[in-house]
Amino acid sequence: MKVKRKLKCSICGKTYDNPVQRCECGEPLEFEPFEGEPYIGKSVWERFWDFWPVEPALDFSLGEGDTPLVKSRLGDEFGIKLYLKNETVNPTWSFKDRGTFLAMSYALKAGYKAVGTVSTGNMAASVSAYATRFGLKAKILVSESASDEKLKAVSVYGGDVIRVRGDYGKLYFESLKLGERLGVYFINSDNPFRIEGYKGIAFEIAEEVSPDYVLIPTSSGGLFRGIAKGFIELHESGLIEGLPRLIAVQAEGCSPICRAFHEEKEKVERFENPKTIAKAIANPYPPSGNAVLKLLREFDWECVAVSDDEIRKAQRKLAGEGLFVQPASATGIAALERLDLPEGAKVVSILTGSGLKTLSDVPKEDIKECSLERLAECF
Ligand SMILES: *Cc1c(COP(=O)(O)O)cnc(C)c1O
Ligand SMILES: [Zn+2]
């Protein structure tokens, strides 16, 4: 099926006319930049119509995107103006829905009857939900270690969940091969359409503020690449004056991109024995790692790693603002302690997913017990 733009390898520059998933060199592909103008419309899909590689299948939308940008008091402590982009309100409670919706719009148009993904958490739930919405079959490949608890939130939508024994890193590439052979369109973490869907986060932010910094929890690198591409396209279209500085945030216990960046390595290397409570950003060998590394260097952006203790503290701070996020999504706020941002800087932190998905990580609070007769004494 023809799409509106060629795809270009993010590393070697080779171009492709058809929407293949990855370059022959093994690195991710991305659509050549879109330019356009914004329109009046209810959804981000309509307002930024010129910027998508395939027509969004609006009839099947579940209302993903158009999330609130919340002004936060947490910036006061650091002398900055802080905004929280609340992606927890998406249909399956994470930003993954934006990319899933756009990639599935393509899969439907291209005539696929089945879609798939490789994930343990948020992406699995998202692809499962949208597959049933779009009337497609879903093949969800999960690692051996995925807990029953997590898989419940995936299988409720009715897709086939398959536990795979073996190297989880290899599964990503194996799934693309198998998908091509069996006619299943795999929408993995950095699928080119998925990345395009994430641009909406940049578009919506730019509609409300012109940030100096954007803090982005980063695992496979898909989200980071999508937000970067969104701001770059706005800039090239003359819709914003300058680019914000993007900051990739990782958990110390699994920070392959930050490590390669700070050690000035040419390529991202596998992070051995990953260990962090921020499970949603614990990909030890990120498929878009080298592409993110290239962006960080090209634009003089930054990568920050934060500890589990700092993540827990940030999660509580956000809860104190009325927003309950999962550990991975609190890393941006944790990073504020480590960054010395200029007084008055406008900063957006992406709250990537809901805390209700990771309830077992939350410490039990003391709950008061009280009888009805003595209720007043308990206040
Ligand atoms: C997927 C995910 C991320 C990281 O996104 P990548 O595209 O893998 O870098 C961050 N936070 C949450 C909650 C996620 O589900
Ligand atoms: Zn290439």
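Good morning. I begin with ligand 1: of the 16 residues around it, those that come nearest are Lys96, Asn122, Ser220, Leu223 and Thr352. Please keep in mind throughout that this is a predicted model.

Which polar atoms face the ligand? The side chain of Lys96 places an N or O atom 2.7 Å from an oxygen atom of ligand 1. The backbone takes part too: a polar backbone atom of Leu223 is 2.8 Å from an oxygen atom of ligand 1, and for a polar backbone atom of Gly222 the corresponding distance is 3.2 Å. Taken alone, ligand 1 exposes 380 Å², of which the protein buries 96%.

Why does ligand 1 lie between domain 1 and domain 2? Both domains give residues to its shell, domain 1 being 69-94 + 192-359 and domain 2 being 95-186, so the ligand lies between them.

I turn to the annotation. An unreviewed UniProt entry assigns residues 61-353 the label "domain: Tryptophan synthase beta chain-like PALP". In the model, that span is 41% helix and 18% strand, and its end C-alpha atoms lie 19 Å apart.

My last topic is the disulfides. With sulfur atoms within 2.5 Å as the criterion, the count comes to 2 disulfides. One of them is formed by Cys258 and Cys303, whose sulfur atoms are 2.2 Å apart. The link of Cys258 and Cys303 is left-handed, with -85° about the S-S bond. What does this pair tie together? Cys258 belongs to helix H8, residues 256-262, and Cys303 to strand S12, residues 302-306, so the pair joins parts that are 45 residues apart in sequence. In general terms, a disulfide is a covalent bond between the sulfur atoms of two cysteines.

Thank you for your attention.

Notes. Residues numbered from 1 in each chain as written. Chains lettered and ligands numbered in written order. Predicted model: local features only at pLDDT ≥ 70, side-chain atom pairs only at ≥ 80, totals over all residues. Heavy atoms only, no water. Near = heavy atom within 4 Å. Polar contact = N/O pair within 3.5 Å; in protein donor to acceptor, adjacent residues only side chain to side chain. Areas by Shrake-Rupley, 256 points an atom, 1.4 Å probe, with all protein chains shown as cover. Domains from an automatic or database assignment. UniProt positions renumbered as here; feature names shortened; annotations may be inferred. Helix = DSSP H or I, 4+ residues; strand = E, 2+ residues; numbered from the N terminus.
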